[in-house]
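Me: Hi! I'm new to this one and would like a friendly walk through it. Can we start with the structure itself?

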Amino acid sequence: LVMVFYGSNGKSNPVSMENKVEHQAKNQITYDIHLPCDLGMLYKVRLGLRSLENSISQLSLRHFKMQNTSTLDTFSLTINKTLPFSLNGDRWIEFPVEWPLKEALSVVTYHLTVFSRNILSERNLVQMTACIYGTHGDTGDRSLLWSLQNVQQGADNESFLVIVDAVELGELDKVILLISSKTDCKLDIKKLHLKEAVKEHPIYVFEVNEAFSVGANKPEIQREIPVSFVIRRDKKNNDIDNLHKEGSQARNLSEYTIKVYTGDKRGAGTDANVHIILFGNEDKSEVFQLSQSLEHQDPFERGKVDTFKIKTKKLGNLHSIEIGHDGKGF
């Protein structure tokens, strides 16, 4: 059993119950845990099983009680859940800590849709987890291939839905993918869509557009995917806006000026959502939506020049770009 504690000043490392002092009674175990004093006011706990590799036994959790031995502040919660939820299922349960006179966060069901090309055909030999980050912390590593819903398969495109229960994360910031496989294969991941299950919007879009080479003798791949843009619905006119959200901190960023010259032939303009990716000898940028032209409210019109400014991490010397659009509109 492992626990992670989240406070106003940060989160703890995973606390394993293996080496803790314990006091055991019938159907009840009490552990003494010493947390760093700088966690601040605790607001969330995640508990679960570290690994399923050596055991398929299940753990039935009935009740959780936590007390600060200095202040005697006490928190208790009835859980009544069994981990894991299936043989290869989610190993974690999250819950908010509700202190007296303090407003607690709520547990949210998130819908994560994966758009890919060939993951479903390899799913039995592949391990893929995602850790979702927001302004209120992260979800920890959650399996993406244990309970798939809304599966859609085509010749070159597929998508599936993964359901993640977590204490609300606030504004989403990034996703870290961990990918490994028991056989040599390439997994082509296009993008991720993430939203709350009970809401149509906002939809956080994480552009990946990468084929990952994995295998039994290859190390686990880790990728940090910053949010590319957010699809929101305006309450007044129900128009959908793509709002770019910077995935990096303001420091150590490079600013680029991009000028797009739209051709002067009939039908040269577009109303689609245009994106660009910059490739350098040190790194590649996230996916930028070119929507905020400095010259025109409606960019990419015939015979016009549009200027965009973007900020991204250090890329080194640029050697190529990818530019394209989603085919929507005229």
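Reply: Happy to. One term to begin with: a contact means heavy atoms within 4.5 Å. This is a predicted model, where local features need pLDDT of at least 70, side-chain atom pairs count only at pLDDT 80 or more, and totals for chains, interfaces and linings use all residues. Residues are numbered from 1 along each chain as its sequence is written, and side-chain values use heavy atoms, with hydrogens and water left out.

Me: OK, so which residues does Thr-139 touch?
Reply: Leaving out residues up to four places away in sequence, Thr-139 touches Arg-46, Glu-94, Ala-130, Cys-131, Ile-132, Ala-166 and Leu-169.

Me: Is Thr-139 buried or exposed?
Reply: Thr-139 has a relative accessible area of 0%, so it is buried. Buried means under 20% relative accessible area, exposed over 50%, and partly exposed in between (1.4 Å probe, protein chains only).

Me: And where is Thr-139 in the chain?
Reply: Thr-139 is in the loop between strand E12 (137-138) and strand E13 (142-143). Helices (H or I, at least four residues) and strands (E, at least two) are DSSP runs, numbered from the N terminus.

Me: Zooming out, how many helices and strands are in the protein chain?
Reply: The protein chain has one helix and 26 strands. Of its 330 residues, 40% count as buried. Among contacts between residues at least 6 apart in sequence, 66% join residues at least 24 apart.

Me: Let's switch to pockets. What is the volume of the largest pocket?
Reply: The largest pocket has a volume of about 1500 Å³. On a 1 Å grid over the protein atoms alone, a pocket is an open set of points where a 1.4 Å probe fits, with protein on both sides within 12 Å along at least five of seven lines; lining residues have an atom within 4 Å of a point. Grid points are joined across faces, edges and corners, and the volume is the space filled by probe spheres set on the points.

Me: Which residues lie nearest its centre?
Reply: Tyr-31, Phe-64, Lys-65, Met-66 and Gln-67 lie nearest the centre, out of 35 lining residues. Strand E1 (2-7), strand E5 (28-32), strand E6 (42-48) and strand E7 (59-67) each give two or more residues to the lining. E7 gives the most, with nine residues.

Me: Where does Phe-300 lie?
Reply: Phe-300 lies in the loop between strand E24 (288-289) and strand E25 (305-313). Its relative accessibility is 5%, so Phe-300 counts as buried. Phi of Phe-300 is near 65°, a positive value in a residue other than glycine.

Me: And Leu-72, is that buried or exposed?
Reply: Leu-72 counts as exposed, at 55% relative accessibility. Its place is in the loop between E7 and strand E8 (74-83), and phi of Leu-72 is near 65°.
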